Structure formats: C-alpha cells, structure tokens
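Open the model in your viewer and keep the selection panel at hand.

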Protein chains: 2
Amino acid sequence: MKIVSLVLYAGLLVASAAAADPLPSWNDTGSKQAIIAFVDRVTRADSEDYVPPAERIATFDNDGTLWAEQPVYFQAMYVADRIKALAPRHPEWKTQEPFASLLKGDMKGVMAGGEAGLVKLVMATHAGMTTEEFERGVSEWIATAKHPKSGRLLTEMVYQPMLELLAYLRANDFKTYIVSGGGIEFMRPWTERVYGVPPEQVVGSSGGLKYELRDGKTVIVKLPEIALNDDKEGKPVGIQRHIGRRPIAAFGNSDGDLQMLQWTTAGAGPRFALYVHHTDAEREYAYDRESHIGKLDQGLDEARARGWTVVDMKQDWNRIYP
Amino acid sequence: MKIVSLVLYAGLLVASAAAADPLPSWNDTGSKQAIIAFVDRVTRADSEDYVPPAERIATFDNDGTLWAEQPVYFQAMYVADRIKALAPRHPEWKTQEPFASLLKGDMKGVMAGGEAGLVKLVMATHAGMTTEEFERGVSEWIATAKHPKSGRLLTEMVYQPMLELLAYLRANDFKTYIVSGGGIEFMRPWTERVYGVPPEQVVGSSGGLKYELRDGKTVIVKLPEIALNDDKEGKPVGIQRHIGRRPIAAFGNSDGDLQMLQWTTAGAGPRFALYVHHTDAEREYAYDRESHIGKLDQGLDEARARGWTVVDMKQDWNRIYP
C-alpha cells in the first residue's frame with residue numbers, strides 16, 4: 001500500500017506541475033512568455049485590455065503551422081494516391097497529361113504542365129463526387145497515410161507545442177479556428193480528432209457546391225470550380241465570410257499568412273500575431289526565404305519590424321511531435 | 001419582514017415554474033410536445049438515439065421564422081431608407097430607374113423594373129463600401145427602424161416562442177445557427193443581442209469580398225456580385241460551406257426552407273423538422289400558399305406527408321412578441 005501511495009503521490013505531483021505549466025513543450029523563452037502575457041492581459045477580469053469570451057477568436061494556419069508541410073504539402077500526397085487509385089477507371093489517363101506522368105512517377109513531367117496541370121489533378125480528385133463520398137475517401141486515406149521521411153502517420157506529424165497552445169487558448173475561452181490554404185473538406189473529417197477543432201471552425205480553400213437529387217437521394221455535389229482560394233488576400237476574406245469578426249490572435253508560418261496577421265493586428269485593442277519559423281533541420285526542417293513550400297520572406301521582415309512573436313523552432317520548442 | 005418573505009416566496013414559485021417549463025409561450029399542444037420529446041430523445045444519456053453535444057446542430061431560417069416578414073422583408077425597408085439617405089450624393093438617381101421611382105415613393109414603378117431593378121437597388125446599398133462601414137450603417141439603422149404597422153422596433157418584431165426555443169436548445173447543448181436568405185452581413189451586427197446567435201453562427205446570402213489597401217489601411221470591400229444565394233437549394237449549400245455537418249434539427253416557414261428541411265431529415269438517426277405556419281391574422285399575419293412573401297405551399301404538403309411538425313401560430317402560441 002505504501003508503494004501505491006507513493007506512486008499516486010508522484011502522479012499527483014506530475015499532474016499538478018502540468019496544470020501549472022499549460023505549455024510544457026515550450027522552453028521558457030520569449031515566445032512562450034509573450035503568449036502567456038497576452039492571454040493574461042485579455043482574460044484577467046481587472047485588466048484594462050480585458051476581452052469578453054465571445055470576442056476571443058484565434059485563427060491558425062494549418063500547413064507548416066499545426067502540422068508539417070515538407071517535403072510536399074500532405075494534400076498533394078492525397079491527390080497523387082487518389083489518382084493512382086482511380087486510374088483503373090480512367091484508361092485515358094495513360095496518355096493524358098499530367099495524369100500519364102504522375103502514374104509513371106515522373107514528377108518532372110507533372111510539373112512541366114504548370115499550374116493548369118496541377119488544377120486538372122486537383123479537380124479530378126476533388127470534384128464530381130458528393131461531399132459524403134469525398135469525406136469518406138479522405139477519412140479512409142488519412143487513417144493510414146504515412147510521411148515519406150519519418151514513416152509516422154501524417155496525423156502524428158502535428159506539432160505538440162501547437163496542440164498545447166490550442167488547448168491553452170480554449171481553456172481560456174478562446175474559440176480556435178483553422179484558416180488554411182488547404183481544402184476545407186480535406187481538413188474537416190479529422191481536425192476535431194487531431195486538433196480539437198470541429199468542422200464548423202475550419203476555413204479553407206473551397207470549390208463550388210450544388211444541391212441535387214441523385215438516384216432519388218438528395219446530395220451535395222462538389223463542382224470543378226474555385227469558390228475561395230484561402231491564401232494570402234483570401235485569408236481575411238475567408239475569415240470575414242465564415243467568422244464575421246476580426247480575430248484577436250493569429251498564427252501562421254509563411255507569406256501566405258501575412259494578410260491574416262495584418263488583418264488581425266490592424267484591429268483596435270490588444271492583438272497577437274505569431275510566426276512559426278522553421279529553423280530545426282535536425283528534428284524537423286529548416287526553410288524560409290528561398291523555400292518553394294511555406295516561403296517566409298516578407299512575413300519575416302514585417303514580423304521583426306512590427307514586433308510580432310517569431311517562434312524559433314530549434315530554440316523555443318523542446319519537443320516537436322507528440 | 002413577513003410581507004418581504006411572502007413576496008420572496010412568490011417570486012421563487014414563479015421562478016421555479018419558469019424553470020420547469022422552458023417554453024412558457026407555447027401552449028401545451030402537439031408542437032410543443034414534439035419539440036420536448038425530440039430534445040429528450042437526443043440528450044438523455046440512456047436514450048438509444050442519444051446524440052453527442054458536438055453534433056447537436058440546429059438551423060433556423062430568419063424572415064418569418066424568427067422575426068416577422070410582412071408587409072415586406074425588413075431588409076427591403078433598409079434598402080429603401082438607405083437609397084433615400086444616399087440620394088443627395090447621387091443626383092443622377094433623380095432620373096435613373098428604379099431609383100427615381102423609389103425616391104418618389106412609387107413602388108409600382110420600382111416593381112416595373114423587375115428583378116434586374118431590385119438587384120440595382122441592393123447593389124447600390126450593399127456593395128462598394130467596406131464591411132465595417134456597412135456594419136456601422138446597419139447597426140445605426142436597426143437601432144431605430146420601426147415596423148410600419150405595429151410601430152415597434154423591428155428587433156421587437158421577433159417571436160417570443162422562438163426565442164424560448166433557441167434558449168431551450170442551447171440549454172441542451174445545441175449549437176443554434178441562422179440560415180437565412182437575408183444578407184449575412186445585414187444580420188450579423190444584431191443577431192447576438194437579439195437572438196443570442198453570434199456572427200460566426202449566421203449563414204446568409206452573401207456577396208463577393210476583396211481585401212485591399214485603402215488610404216494606407218487594410219480593409220475588406222463588399223463587391224457587387226453574388227457569392228451565395230442562401231435560399232432553396234442554396235440553404236444546404238450554405239450549411240455545408242459554413243458548418244460542414246448536417247443539422248439534426250431545422251426550422252423554417254416557407255418553401256424557401258424546404259431543401260434545408262429535406263437535407264436535415266435525410267440524415268441517419270433522429271431528426272427534427274418544423275414549419276411555422278402563419279395562421280394568425282389578428283395577432284400577426286395569416287398567409288401561406290398564395291403569398292408573394294414567405295410562400296408556403298409545397299412545403300406544407302411535404303410537411304404533412306412526412307410528419308414534420310407544423311406550428312399553427314394561432315393555436316400553438318399564447319404570445320407572439322416579447
């Protein structure tokens with residue numbers, strides 16, 4: 001019984017230490033201090049800058065901010081896998097570009113088709129089916145899809161410090177949103193399980209939708225057209241369309257998030273903007289100004305000029321993945 | 001002291017009666033019983049049809065369901081008032097239709113321009129300005145705008161039984177949404193105060209938006225184009241776009257809500273659909289199959305065929321307005 005008590009006591013100590021530090025994967029550097037100071041400033045009842053819970057909106061980019069985005073956006077892996085899975089039903093793809101190159105594994109050939117070619121791949125895998133069929137396809141795929149370098153499930157390539165940050169903000173009555181250039185319906189099937197963010201708090205790039213009768217059943221069909229490109233200038237637009245009020249805190253990692261951070265910080269009262277800077281070539285990846293994926297150039301300059309928080313992944317995080 | 005105690009006691013009795021009946025403005029008829037039975041069925045822990053709180057999504061039409069819509073949609077009053085207010089800055093409107101007719105109070109002349117004319121009026125009052133300017137205009141207008149027949153504030157022309165229903169559902173961990181053909185940005189400035197529905201839970205018809213720099217300040221500008229016509233087939237589309245999951249309960253009053261009710265009830269598991277039928281010419285208005293505003297024809301037939309709840313306003317509600 002004595003040992004049981006001791007173990008129990010040790011467990012309680014650990015639990016209470018965890019309760020005292022809501023961000024255990026963050027080193028005690030300036031980034032962590034800035035986050036905690038901001039949350040304290042807007043939630044303490046006697047604070048001059050108190051913000052009522054209803055207005056505590058926080059928006060997060062996804063790729064490179066909540067989960068990894070190297071060596072390619074994970075949604076691109078979905079497109080490639082899906083084209084391969086659908087190929088038997090599309091014999092014409094054997095000779096049609098960019099499908100032919102993709103099926104041969106010739107990525108240079110795929111890229112030769114430029115943006116128009118990529119759009120063809122996206123439309124072939126993201127339109128024509130019902131929203132429920134698409135959701136089922138994504139759910140099945142993401143249950144087993146693995147990262148080409150780490151071999152982990154993609155849903156395990158999420159940043160533990162950011163999971164803690166999401167939970168910390170929600171514990172302080174923030175409503176946490178994802179605002180991503182990724183497809184809205186690609187994310188919604190798994191964001192609640194992985195991030196604790198329900199589908200209605202996911203904003204993303206989206207295509208046209210059409211309500212219709214198919215085989216005597218009402219369905220919503222995904223159309224091959226863009227309704228919102230939720231990147232750069234599209235992010236404040238997505239926020240306005242879906243949320244209808246300006247966030248007080250925003251989190252990103254690339255120039256694609258710059259307008260969201262500008263829009264967030266341009267509001268009156270206390271505001272918080274944070275960039276995750278990928279500086280850890282060993283535990284994750286190191287990239288910024290020259291990267292084709294997640295380029296952070298203008299954003300880095302603006303963050304420094306305006307005093308936004310820049311997370312130095314190597315210095316600030318003592319753990320990367322859960 | 002004795003009197004004080006008695007008053008206090010009486011007060012407690014009233015309070016406890018109110019607590020016992022969450023829907024005091026509803027008579028004890030089939031409609032009320034159906035609502036309570038459904039909520040009990042999906043929330044009782046030992047119910048076979050238990051639905052977890054995260055999935056308790058309820059969607060409400062606005063015009064004619066939460067507030068009145070006769071003799072004209074209230075948003076049309078906004079358009080007319082706004083055109084009059086803007087007229088001094090638009091001398092050309094004196095000769096341009098449909099503006100000229102509207103400014104002379106000649107509604108027949110306005111209607112002669114058909115839908116194209118109405119679109120001109122809407123665009124002149126709903127596009128070109130920033131979202132913040134538009135919001136300010138709506139907020140100022142709605143603070144004093146009165147109903148032409150009752151003389152009450154428009155925000156007092158809301159249905160007390162529906163306010164109770166919204167609160168009752170929320171008390172049972174439902175997330176309540178508005179899904180209206182009305183303009184999303186016309187509703188958002190006041191729905192939280194009037195209905196307890198925050199801006200991010202309002203879905204409505206919407207125009208294009210553009211993020212841009214104006215006078216060195218970043219703004220979002222409203223564009224003269226339709227992004228979503230949130231009526232009929234547009235309602236399930238708006239629900240999918242904004243919420244991303246199917247509601248388990250939906251509330252409407254017209255054929256414009258039929259697709260929302262179909263979409264809601266076509267899902268698996270327990271579902272609830274309700275039509276408010278305007279049957280009370282004395283306390284409100286009586287209209288259905290032949291009405292130009294809020295026409296309820298096909299919906300009424302389908303509701304009866306499928307056993308949806310149809311509120312007979314005259315019989316089922318003991319109070320209309322707060």
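Helices (H or I, at least four residues) and strands (E, at least two) are DSSP runs, numbered from the N terminus. This is a predicted model, in which local features need pLDDT of at least 70 and side-chain atom pairs count only at pLDDT 80 or more, while totals for chains, interfaces and linings use all residues. Residues are numbered from 1 along each chain as its sequence is written, chains are lettered from A and ligands numbered from 1 in the order in which they are written, and side-chain values use heavy atoms, with hydrogens and water left out.

**First stop: the cavity**

Select α9 (184-195) and β3 (202-214) of chain B; each supplies at least two residues of the lining of the largest cavity. A cavity is a set of points on a 1 Å grid over the protein atoms alone where a 1.4 Å probe fits but cannot get out, and lining residues have an atom within 4 Å of a point. Now show A:Arg241, B:Ile184, B:Glu185, B:Ser206, B:Gly207 and B:Leu209, which line the largest cavity. β3(B) gives the largest share of this lining, three residues.

**Second stop: two helices**

Select helix α2 (residues 30-43) and helix α8 (residues 160-171), both of chain B: their axes (lines fitted to C-alpha atoms over the stretch in contact, with angles from 0 to 180 degrees between N-to-C directions) come within 11 Å and cross at roughly 15°. That makes α2(B) roughly parallel to α8(B) (angles under 35 degrees count as such). Show the side chains in contact (heavy atoms within 4.5 Å): B:Ile35, B:Ile36 and B:Val39 of α2(B), and B:Leu165, B:Tyr168 and B:Leu169 of α8(B).

Terms used: On a 1 Å grid over the protein atoms alone, a cavity is a set of points where a 1.4 Å probe fits but cannot get out, and a pocket is an open set with protein on both sides within 12 Å along at least five of seven lines; lining residues have an atom within 4 Å of a point. Angles under 35 degrees count as roughly parallel, over 145 as roughly antiparallel, 65 to 115 as roughly perpendicular and the rest as oblique.
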